[in-house]
Amino acid sequence: MHRLLRALAASGYAEPAAGGSYRPGPRLLGLAAGVLADDAATRRAGPVLEELRVRTGLFASHAVRDDRALVHLRVHAPAHGPALDLRPGTRESVTAGAAGLALLAALPGEDAEALLTGPDGVPADEATRTALAAAARDGYAFDSADPWRDRRALAAPVRDAADRPVGVLVLTGLAFTFDEAAAHLYGPMVRSAAAAVSAGLAAQPGARLGLVAEPYQGTGRNR
């Protein structure tokens, strides 16, 4: 493994880091940036995310599903305000918060159920199912108030021409400022923004629509 990492570092795809570890190198980062720049959903989400950032003063991001996780591909951070640890490449569980709830609520029932039931076979609790029902009704999801979390998020699904969810637009801010009143104000805004991105994707033939994986089938192994 170390020999492979040294070869990657020699080619610019990795570089040495503290403690004998390695991190992505400039060529790998450039390759990733090039792929994202050519992605239809990411391109169309860019101006929408910037408008959301300006209008709300919150972090605005576009995330897609990768199996049982969500990956934030593009993040627009506010010019002033708190420094949250949210950047391109940030991952979170699809069952962890508003972004995952928005996606799950838009999936067909059997696909959502497969993800809601964890690898250990434990089904989702009643609070999660209540939140999913609210997200399906409202067209967006909002994190529940949790005193142990420093942030809250609100998200709405992006869909393709066949009405399949292919990602989510997400607003993220500090929990003590992002309250229920703010959610009622921003929810319809994010829902409309996601609908605009969806309409643009549906009108673009052959668009590659993100990294949505096949539903988890409970095979007992990581996919």
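Confidence in each residue is expressed by the predictor as pLDDT, on a scale from 0 to 100. The structure is a predicted model, in which local features need pLDDT of at least 70 and side-chain atom pairs count only at pLDDT 80 or more, while totals for chains, interfaces and linings use all residues. Residues are numbered from 1 along each chain as its sequence is written, and side-chain values use heavy atoms, with hydrogens and water left out.

The chain has a mean pLDDT of 81, and 78% of its residues reach 70 or more. Helices (H or I, at least four residues) and strands (E, at least two) are taken as DSSP runs and numbered from the N terminus. Among these elements, the highest mean pLDDT, 96, belongs to β6, and the lowest, 56, to helix α2 (residues 26–37). Over residues 211–223 pLDDT stays under 50, and the model has 26 contacts for this segment beyond four places in sequence, a contact being heavy atoms within 4.5 Å. Where pLDDT is low, the predicted coordinates should not be read in detail.

Pockets were identified on a 1 Å grid over the protein atoms alone: a pocket is an open set of points with protein on both sides within 12 Å along at least five of seven lines, and its lining residues have an atom within 4 Å of a point. The largest pocket has a volume of about 520 Å³, where volume is the space filled by probe spheres (1.4 Å probe) set on the points, which are joined across faces, edges and corners. Its lining comprises 24 residues, and Leu101, Ala131, Phe142, Asp143 and Ser144 lie nearest the centre of the pocket. At least two lining residues are supplied by each of α4 (98–106), α6 (126–138), β6 (141–142) and α7 (180–202); the largest share, eight residues, comes from α6. By class, twelve lining residues are nonpolar, six polar and six charged, with Ala, Val, Leu, Ile, Met, Phe, Trp, Tyr, Cys and Pro counted as nonpolar, Asp, Glu, Lys and Arg as charged, and the others, Gly among them, as polar.

Salt bridges, defined by a side-chain nitrogen of Lys or Arg within 4 Å of a carboxyl oxygen of Asp or Glu, number ten by this rule. Accessibility is classed as buried under 20% relative accessible area, exposed over 50% and partly exposed in between (1.4 Å probe, protein chains only). One of the salt bridges joins Glu50 and Arg53, at 2.5 Å from N to O. These two residues are three apart in helix α3 (residues 40–56) and are therefore separated by about one helical turn. Glu50 is partly exposed at 29%, whereas Arg53 is buried at 16%.

The side chains of Arg137 and Asp138 also form a salt bridge, with an N to O distance of 2.9 Å. Arg137 is exposed, with 63% relative accessibility, and Asp138 is partly exposed, with 24%. In a further salt bridge, the closest N and O atoms of Arg164 and Asp160 are 2.6 Å apart. Here Arg164 is exposed at 52%, while Asp160 is buried at 8%.

Positive phi values occur at two aspartates. Asp67, although not a glycine, has a phi of about 60°; this residue is found in the loop between β3 (59–66) and β4 (69–76) and is buried, at 12% relative accessibility. Asp163, likewise not a glycine, has a positive phi of about 70° and lies in the loop between β7 (151–159) and β8 (165–174).
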